[in-house]
Structure formats: structure tokens, C-alpha cells
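Q: Could you take a close look at one part of this model for me, the place where two of its chains meet? I would like to see how the two sides touch.

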Amino acid sequence: MGRYILKRILISLATLLVLVTVVFALVRLMPGDPFSSEKMTPQVRQNLERYYGFDKPVLEQYLTYMGRLVRGDLGYSMKYANVTVNEIIAKAFPYSADLGLRALAIAVSVGLTLGVVSALNRKKPIDAVCVVVAIIGTSIPDFIMGYVLQYFFGIRWGLLPIAQYKGFAYTILPSVGLGFYTLALVSRLMRSSMLEVVQQDYVKTARAKGASRFRIVRKHMIRNAILPIVTVLGPITASVLTGTFVIESIFAIPGMGKFYVSSVQSLDYTLVLGMTVFFGAFLVTANLIVDVLYGIVDPRIRVARG
Amino acid sequence: MEAIGDAPDRSLFERVGKDRAGMEAIERPNLTYWQDAWRRLKANRMAVFALCVVGLYVVMAVVGPWMTSYSYTATDAKATDALPSAAHWFGTDMLGRDLWSRVWMGARTSLMIGFVATLLNTLVGGLIGGVAGYYGGAVDMVLMRVVDVLYGIPYIIVAILMMVVMEPGMGSLIVAMVVTRWIGMARFVRGEVMRVKESDFVAAARVLGASDATILVRHIMPNLMGLIITNTMMAIPNAIFTEAFLSFIGLGIQPPECSWGLLAREGSQTLSIYPLKLFFPAFFISTTMLALNLLGDGLRDALDPRLRGE
Amino acid sequence: MKRSLVVVACALALAATGCAPKAEKAEAASPKVFRFSYASDIPTLDPQMGNSMPSATVAFHIFDGLTRMDNGAVKPGIAESWTVSDDGLVYVFKLRDAKWSDGQPIKAQEFEYGIRRLMDPAAASPYSFLGLLIENADAVNSGKMPVEKLGVRAVDDKTVELRLAYPADYFLGMLSMCQFCATRPDLVERYGKDFAATPDKNVYDGPFMVKEWAREDRMILVKNPNYWNADSIALDEIDILIVPDENTALAMFDAGDLDLVRVPPAFVEKYKDRVVYYYDGSNDFIKLNMASKGPLSDRDFRLALNYAVDRQDFVDITTKGLYDANPRYVLPQVAGVDAAYGTEYPLPGFGVRADVAKAKDHLAKAMARLGVADPSSIEIEFLTSDTDRSRAQAEIVQDQWQKNLGIKVVVKQVPYRQRLDMESKKTFETVFTGWAPDYSDPMTYLELWTSDSPYNHGSYRSAKYDEYVAFARKSTDKRARMDALFAAEKELLADGAIVPMQLRRESLLVNPAFTGVGTYFIGTNYDLVHADRASK
């Protein structure tokens with residue numbers, strides 16, 4: 001197990017290296033540059049290029065960047081003058097993580113419950129209700145969901161704060177808005193997966209052995225049915241924590257999504273790369289955890305101990 | 001073959017022989033897998049209804065814009081943000097353009113992107129995920145690391161680069177979506193293949209000497225068809241929403257074309273004063289998704305090999 | 001099995017107890033707090049590095065220049081008095097006894113340092129072109145001369161001398177901008193690249209000082225007790241919240257969470273009895289690339305494009321009539337000789353309505369010259385950037401040109417940076433763009449189109465135009481100078497060098513409890529120096 005994990009970590013680092021290199025190249029292929037502005041003159045541009053070291057050969061810039069990266073230094077942002085990428089991430093990530101975790105907790109807990117309940121009560125009214133909830137969730141884009149929630153709960157009825165993120169009441173609308181799609185996705189996948197599992201032999205066997213209904217559902221069905229959900233949760237976790245641009249904009253939350261999109265839009269090379277490294281590390285870690293979780297959750301997969 | 005013992009009068013009998021044709025004849029018409037699936041799908045009333053809705057929208061996407069005399073691009077300074085009327089059935093948008101024709105022009109874009117991008121994603125992702133999951137080991141490791149790298153690249157960058165390489169528009173959008181979005185399907189299929197490949201019927205096929213390709217295509221994939229289809233149906237709204245998001249940050253459909261996502265985005269800007277401008281696109285997006293979901297459910301049941309002949 | 005439950009439970013627990021970022025204390029602590037919002041964060045508070053309106057607006061409140069702009073009038077700032085030489089080239093400023101927020105006296109050497117830093121190529125200020133009118137500035141900025149040769153000098157601790165390359169009346173107003181403010185060399189040296197990155201890494205000499213700055217979240221300014229005119233400041237605190245979505249900001253104003261908000265055009269009708277209007281100075285026009293292969297090199301074709309747009313319809317549709325249709329080029333509100341330029345030099349220009357007959361007439365002439373028989377065989381590309389509003393604008397212009405001229409217009413929507421890149425590389429045919437003024441004088445708009453201007457992306461070449469502008473640069477006769485600028489504007493329009501479109505007239509809602517909230521189109525959007533809240 002230890003060796004397996006060590007090997008996975010080494011491979012993850014190699015993956016990151018490739019990722020950084022690819023994005024380093026891609027970002028420079030983008031049309032335009034970080035200095036473009038309505039009032040840019042060739043002279044000022046030249047000064048800026050020298051200041052940021054862009055007058056040097058690209059390979060040298062790359063090596064300089066990698067050298068700093070190894071030391072954990074992501075460099076200075078270009079759009080937010082005088083601020084390091086490390087500082088930006090350190091300030092923004094807690095907001096996104098908090099929002100993302102709340103959204104995921106709502107999505108996974110409610111989604112799984114709905115999926116299981118609806119699969120066990122197939123073709124009954126309660127199934128229909130669960131399916132309708134799931135469909136509403138996957139039928140409405142996040143920005144419509146965000147605006148609608150904000151409009152009714154915040155503006156029209158005044159029940160919850162309209163925007164910003166400064167206390168529990170503030171977190172409710174954005175986390176529901178963010179989590180609803182995932183909730184629906186989880187519940188539908190879980191329902192499908194449960195229906196698949198119901199017909200498996202081991203379920204019949206367990207039933208034949210006289211196991212209680214609750215025990216069968218809990219021990220045999222959910223445990224096997226949850227696998228496809230675990231698979232999709234890795235990327236979903238990453239995307240919930242990265243792709244919150246829309247919700248963050250609507251609710252004025254200073255999280256990562258905003259920086260991510262604006263860094264690409266303003267071609268802030270160091271910030272784009274810094275964010276990519278951060279999310280890349282996040283992603284490979286999430287995948288690592290998913291792979292290890294597979295070993296824990298799936299009764300048939302066991303990583304050899306040693 | 002000669003009879004033994006006292007032989008009856010042979011003239012009373014006539015030799016029948018083997019009816020080789022009759023032996024193999026099947027009384028009821030022989031159904032292929034797909035015919036059977038279609039038969040079962042037809043029996044599912046909700047799925048048929050859903051199919052009709054999707055069909056209706058596709059037809060309307062073709063003929064809808066021509067049912068009114070207003071072009072989807074004609075602006076009118078005197079009729080901006082109008083409510084539905086005899087002239088403008090769905091009202092007009094902020095530039096005074098007829099929303100009825102825009103909704104159906106948007107349907108063309110959204111449905112096209114939704115279906116084409118998702119289909120390509122499923123094909124590419126399913127194939128790569130299937131291979132990775134089936135072979136496991138080094139192949140899996142390499143493919144999954146490639147996936148990790150691709151997943152880590154901000155897709156806005158890919159979308160922008162696609163716009164530079166290709167002409168901005170639907171084509172570059174679809175390519176950008178496929179380049180970045182097949183990964184989800186690949187990961188999903190990989191996980192499922194890893195699960196199913198340990199099943200007895202796979203072991204049996206292997207013992208019987210079936211090739212890897214046969215096992216993957218004939219034995220494993222049909223068993224995953226239900227989940228893949230459900231997942232694909234769920235991915236269609238995702239593609240439509242992604243287009244809306246990309247339009248929102250300026251990387252979408254080029255003016256004066258429009259899409260449902262774009263109309264919804266425009267409508268959401270003035271939700272508190274002109275709610276209908278959000279309602280129409282949101283209604284069509286949601287009902288399309290509803291229909292696709294019901295259809296996905298129906299297909300899931302219809303394509304499940306274990307439910308065959310029920 | 002148990003383990004899987006544990007995993008889910010852990011996730012739930014983590015989420016429930018979640019590490020919610022700590023928020024501010026309640027607003028009640030300060031009695032007079034004014035709150036407004038920006039859509040995105042203030043890029044920088046380093047005085048010489050600022051190049052955006054939000055940066056300038058905050059700088060206007062936390063720094064004090066040699067002069068201070070007060071509703072368009074130049075008032076003394078840190079400089080108590082000044083003299084200007086007869087040839088308009090040498091300015092001498094006498095500083096008052098003023099202090100920084102850390103109690104240190106403000107010295108003339110700090111102005112010298114700040115202005116040198118603006119032009120120093122090693123410091124790489126993105127806005128250094130602003131100082132190009134100072135003596136030797138061009139040579140210093142391109143590294144051909146040491147910064148010491150720049151035309152700025154601290155005569156003694158309390159006297160600053162500035163020498164210009166050419167006379168410019170607007171220079172006094174320009175000196176109020178933060179790029180020309182005093183800057184502390186000791187702090188720049190101590191903090192290096194981190195200078196002004198956080199509130200404690202700089203000091204302030206304006207009416208307010210920065211107390212807190214959370215990126216993309218909020219900035220809090222508080223009254224600066226060491227400001228030389230602190231007694232005149234009524235507000236205790238200014239909160240700037242970052243609210244990306246303008247609908248959200250509007251809702252927050254309605255809920256009492258903001259005291260000032262910009263109203264999106266679609267909502268102006270709803271609030272029309274309460275909004276106040278102001279011109280933010282932005283002037284939007286369509287640049288035409290005369291060096292491109294298409295028909296745009298033809299003057300008649302360019303005039304046809306000009307007469308074929310209905311500017312009134314354009315603003316009525318895209319902004320519900322909020323913005324002003326602009327039939328000429330220069331913003332009429334900039335200073336003329338004795339009054340506003342637009343009042344002294346009225347010009348009907350192309351008119352606010354389309355003149356289809358004239359447009360077709362010019363088109364026919366152009367087609368005859370180009371040897372084209374069918375207008376629909378002419379195709380031009382219309383480049384624009386990626387916001388919702390640019391899309392609507394592009395759609396209207398596309399519709400009008402196609403309808404009124406019968407030509408084909410292809411819209412190309414690209415990300416903002418790519419649009420700027422294509423403009424500067426001149427790889428466009430027509431592009432929707434704009435210009436915000438840097439000082440209150442027609443020159444701020446007209447200097448763009450001289451043959452040697454780095455902003456002349458349309459490759460407009462006119463010896464006459466160059467002559468008018470060159471004359472205006474040298475002349476010390478105010479009337480003759482302004483006449484020359486007016487002649488240049490007319491020349492530019494007669495050549496159809498650009499298609500002027502609109503002047504941005506923004507609408508604001510201001511909490512009625514506050515008085516003295518000012519707006520301006522150069523150097524700052526909002527002026528809260530005189531703002532006060534009526535006591536309850």
C-alpha cells in the first residue's frame with residue numbers, strides 16, 4: 001500500500017510537470033498579451049516587457065519560472081500589480097473551498113438519499129417526485145438558478161441576504177445554487193446504479209440467506225451502487241471548487257472562480273499558470289484519493305498490503 | 001437406418017427425413033437486439049411522449065422561424081422588450097427582435113451543439129475510457145495521466161485557442177467542448193469497465209477464447225449501455241449550458257446567431273422587470289431536458305440486455 | 001462499509017463546521033460611512049502604476065497632487081501657489097506645510113522622485129505616456145537619457161520646478177492625477193515590488209487613507225487626520241465593495257447595502273425619477289482601418305458608413321436612450337477657451353439620424369471607383385469584444401449597415417485582449433472601440449489621429465490634420481489654438497476617418513441621505529471629498 005501510494009505520488013508530480021509545461025506554452029499562444037490596453041504605446045510596452053523579463057528567450061523564461069515554482073513561489077500577478085499569486089490563492093481559496101464543500105455536502109447527502117429512495121420505490125409516486133426534483137436540477141443552468149434564488153429569497157421576499165459572504169445566512173443561497181445541479185446528477189446516477197444492482201446475484205443471495213431488507217440495502221446495494229458516483233465525484237469536486245465563476249459573480253463572493261476567469265481574460269500569465277498549478281495539484285490529489293477510495297469502497301478491489 | 005425386427009408394411013409409411021429448415025425456424029419474427037429495444041421503448045408511454053417532444057422541438061427548430069414574418073435579426077427601436085402580442089407571439093428582446101423566431105433559431109444552435117458535442121464526447125470518451133479500464137495497468141496509467149493533464153488545462157484557454165485556429169462559431173465551439181469534455185465520460189466508462197470486467201460472463205467469454213475487442217464490444221459495452229446512455233442524456237444539458245457560459249464570457253456563437261443559453265442569459269439580466277424573457281428560453285431548455293431524461297430512462301430499460309424479452 | 005459511512009460523515013462534518021472566512025464587524029461602528037461598488041477590483045494603488053478608472057478614483061481620495069481638481073476647476077493641492085512662465089513652459093510650485101499619514105512632512109524631493117519614477121523605464125509605468133509633455137520625457141522613457149535629465153527638479157524642500165516640452169494649459173489639471181503625486185523613496189526602496197500592495201506598505205497624503213484591502217472583496221478608506229484640509233472632510237469612512245454583477249449591485253442598493261450604484265440601462269426607466277446622470281468621458285466610435293485591403297481606403301465608402309448608421313436608434317435600442325448619440329468626435333463637455341468646447345464650437349457632424357440618401361450617394365461614388373456593381377458583393381468585418389453590451393451594439397450596427405447600404409457585414413466577437421491586440425497590429429477592418437480622456441482639452445481626443453501617433457491604428461494620414469494639431473501644440477494664443485483643434489476635428493470627420501457613435505451618459509442612484517456626492521469624467525468617477533450625510 002505504501003509503495004503503491006508513493007508511486008502514485010511520483011506519477012502525479014510528473015503529470016503536474018507536463019501540465020504546467022503545456023499550459024505555459026498554450027497561454028503564450030493566446031492572441032494578445034497581458035499589457036494590451038487602449039492606451040499602450042510601443043515604448044511603454046517595451047519597458048513593461050523588460051520589467052517582466054519577457055525580452056528574454058522563452059526557454060529561459062520557462063526555466064526561471066520552473067526554478068521558482070520548485071521553491072513554491074508562483075510569482076507576481078500582472079493584473080493585480082504588486083501582489084503574488086500565492087497571496088491571491090491563499091485569500092481566495094478558503095471562500096471557494098467553503099462554498100464548494102457546503103454545496104457538495106448538500107448535493108451528496110440529499111442526492112444519494114433521493115436516488116436510493118426513488119430506486120427502492122420504483123414506479124411509485126415518491127419515485128416520480130424524486131425524478132422531478134432531479135430533472136429540475138439538471139434542467140436549469142446555474143446562472144438562472146442563481147438569479148432566481150437571489151430574486152425570490154433575497155430581493156422579493158427578503159428572507160436571506162442578497163449577496164456577499166459574511167456569515168451562515170449568506171452561504172445558503174450560493175451553496176444551494178451551486179450544489180443543485182450536482183445534487184440532481186448524483187440522485188439520477190444513484191437511481192440508475194441502484195436499479196442495476198437490484199438484479200445482481202449477490203443481492204438475491206443475500207435475500208435468500210434471510211438478511212433484513214435494511215441490511216441488504218445498506219450493505220449490499222448502496223455499497224456497490226455508489227461506485228459510479230465515486231468515479232464522477234473526483235472531477236465534480238474539482239469543478240465545483242473551480243467552476244463557481246457564475247455563482248461567485250452573482251453573489252459577489254471573492255473566490256477562485258472569478259480570479260480564474262479574469263486571469264485568462266486579462267492574459268495574466270503568472271496568475272493563469274499559478275491557478276493551473278494549484279488546480280492541477282488539487283485534481284491529481286482528488287484522483288489519487290478516488291483511486292484509494294475505490295479500494296476502500298468496492299468490496300472486490302483490494303490494494304495489496306505490503 | 002434400417003428397422004430391426006418385424007417390419008410393418010413399408011408402403012403404409014413414407015419417409016419424412018429431417019426438416020432441416022423447420023428445425024431452425026422460429027415461429028415469431030426474429031428480432032435483433034435493436035428491434036427488441038425499439039419494441040420495448042415503444043411500450044414505455046413516457047419515453048414515447050418524450051420522443052415526441054424532442055421531435056417536435058427539432059421540427060420547430062426547422063420551421064419555427066418561418067412561421068412569423070419577423071426575421072430573428074431585424075431590430076426595431078420602437079418595440080424593445082415588448083410583451084407577447086398578436087404580432088410578436090413571444091414578445092421582443094431588448095433590441096426589439098422577435099423572440100418567437102429567436103427562440104427557434106436558438107433551438108437550432110442549442111440542439112445541434114447539445115447532440116453533436118455530446119455524441120462525439122461519448123464516442124471518444126467511451127472508447128478511451130473503455131480501453132483504459134479494460135486493459136488496466138500501464139495503459140490505464142498513461143491514459144489516465146493524459147486525462148489528468150487535459151483536465152487541468154483551463155477550458156476557456158482551449159476555447160479561445162480554437163477560435164483562433166478555426167473561425168469563431170459553432171464548429172469551434174463543438175471542437176473545444178469535445179477536446180475538453182470527453183474526459184468526464186472517459187473516467188466514468190473506465191470505472192464501470194473496471195467493475196464489469198470482473199463479472200462471470202466476461203470470464204466465461206474469455207475462457208471461450210473471445211478476443212479482447214469482442215469482449216469489450218459484445219459483452220462489456222452492452223452491459224454498460226444503460227449507464228452510458230443515462231450519462232449521455234445528462235451530458236446534453238451540460239453541453240447546452242457550457243455553450244451558454246461560453247457565450248456569456250464572449251466565446252460563444254457569433255452575432256447575430258443566438259442560442260437558448262444566450263437567450264436565457266439575456267433574460268436573466270432583466271428578470272425583475274421582464275420575467276417572460278427568461279421564462280421562454282428557460283421553459284424550452286427545461287422541457288427539452290425533461291424529455292431527454294425521460295427518454296434516457298426509457299432507453300436505459302430498453303437497452304438493458306438482462307431485461308430482454310420481458 | 002463502515003469506512004464509507006465515515007468518509008461521508010467526515011465530508012458532512014467538514015462542510016457543516018466549515019471554515020467560513022471571517023467577516024467584518026458590523027457597520028454600526030462608524031457614523032458616516034459611504035458605500036459603493038465596483039464590478040472588479042482596483043488593479044493597483046501604486047500611484048505611478050495606475051492605469052484604470054477605479055485605480056484613479058481611489059487615488060483621487062487617498063493622494064493629493066500639487067493641484068486638486070474640484071468639479072472641473074483646478075484648486076491648490078499640496079502646492080499652495082504656483083507661477084507659470086510667459087512662454088508656458090516653466091512651472092514653479094510652492095508647497096504648503098503638509099504631512100503624510102505617518103506624520104512625516106511632505107517634501108519637494110518626493111514629487112521629483114514620483115514624477116521621475118513615472119518616466120523611468122526601469123519602473124515600467126503603464127501610464128508613463130501621460131508625462132510625455134515634460135521636457136526630455138520621451139528620451140528618458142526610452143532609456144536614451146538618465147532620469148536626472150527629466151524636466152522636474154526640487155529647488156528646495158518646499159519648491160518644485162517643472163519644465164515642459166511644449167506649452168499646455170491642461171497641465172495644471174493633469175498634475176492632480178496620482179501619476180504625478182509625491183511618492184516616498186524610502187518606502188519604495190524598503191518594500192520593492194510589494195510597495196503599495198497592502199494598506200500598510202504605503203503612506204497617504206489625501207483626504208482619506210486605506211485601512212483595509214481584501215482583493216476582489218472590499219476596500220475600506222478612512223478619514224486621514226493628517227490631511228492638510230482634514231477639517232473640511234465630513235465622511236468618516238468609504239467602503240468600496242466588489243460586486244461583479246450589476247443586477248446584484250442594484251438589488252443591494254434597494255436593500256440599503258449600498259449608497260451609490262450605477263443603474264443598468266434596462267432599469268433606468270424604472271428609476272427614472274431618482275437617477276442622476278453624468279458623463280464618464282468615454283467616447284465610443286468605430287475605427288476604420290484605411291490600410292486594409294477592402295473598400296475602407298475609399299473616403300466615400302467611409303462617409304457612406306457614417307451616414308448609414310442611425311446613432312439615435314443605436315443608443316435608443318442598446319441603452320434605452322441613456323447614452324447620447326454622438327454625431328461629432330470630441331466630447332462637448334471638455335474645456336474650451338472660456339466655456340465648454342461644445343458650446344463654443346458647435347458642430348452638427350453626421351447628424352444623429354441616418355441619412356440613407358446621402359449614404360447611398362457616397363456608396364455609389366465609392367462603388368464606381370472600386371469597380372463594384374452590386375453592393376452585396378462588398379463584405380466588411382466588424383470586430384468587437386466579448387461583453388453582452390458589445391454583442392448588442394454589434395448586432396445593431398450590422399443590421400443598420402446591411403439594411404441601409406445592402407452590403408454584407410460579418411461580426412467577429414473576440415476576447416477584449418485579443419481585440420486590443422488586433423487593433424494595435426492593425427489586423428482589423430472596422431472595430432468598435434473608444435477613448436477616455438486624460439485631461440480636459442480637445443487635444444486628449446485629437447492627438448490620437450496624427451500620422452505619428454501610436455494610437456492611430458486606422459492609419460489615418462492627413463498632412464492638414466497633422467498641421468492643425470502641431471500648431472495647437474505650439475501655440476500660446478488660446479483662441480487660435482482652439483480654432484486649430486476645431487479645424488482638425490472637422491477635417492477628421494470630413495475624411496470619415498472614424499464613425500463616431502455615442503457618449504456614455506451613465507445613470508446613478510445615490511442614497512438621498514447624502515449630499516455633496518460629485519461625479520467627473522477625468523481622473524475620478526466619483527468625488528466624495530465634499531460628501532456628507534444629513535444628520536438624522
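A: Across the interface of chain C and chain A, 16 residue pairs are in polar contact, both residues at pLDDT 80 or more; a polar contact is a pair of N or O atoms within 3.5 Å, where within protein one must be able to donate a hydrogen and the other to accept it, and residues adjacent in sequence count only if both atoms are side-chain atoms. On the side of chain C that touches chain A, at least two residues each come from helix 1 (2-17), strand 10 (237-242), helix 7 (246-254), helix 14 (416-424) and strand 16 (430-435). Helices here are DSSP runs of H or I with at least four residues, and strands are runs of E with at least two, numbered from the N terminus. That side of chain C divides into 36 nonpolar, 14 polar and 16 charged residues. Ala, Val, Leu, Ile, Met, Phe, Trp, Tyr, Cys and Pro count as nonpolar, Asp, Glu, Lys and Arg as charged, and the others, Gly among them, as polar.

This is a predicted model: local features need pLDDT of at least 70, side-chain atom pairs count only at pLDDT 80 or more, and totals for chains, interfaces and linings use all residues. Side-chain values use heavy atoms, leaving out hydrogens and water, residues are numbered from 1 along each chain as its sequence is written, and chains are lettered from A and ligands numbered from 1 in the order in which they are written.

Now for the charges: the rule finds two salt bridges across the interface of chain C and chain A, each a side-chain nitrogen of Lys or Arg within 4 Å of a carboxyl oxygen of Asp or Glu. The side chains of Glu216(C) and Lys258(A) meet in a salt bridge, at 2.8 Å from N to O.

In total, 66 residues of chain C and 55 residues of chain A take part in the contact, meaning heavy atoms within 4.5 Å. About 5300 Å² is buried between chain C and chain A, with 59% of it from carbon and sulfur atoms; buried area is the accessible area (1.4 Å probe) that two parts lose on being put together, summed over both.
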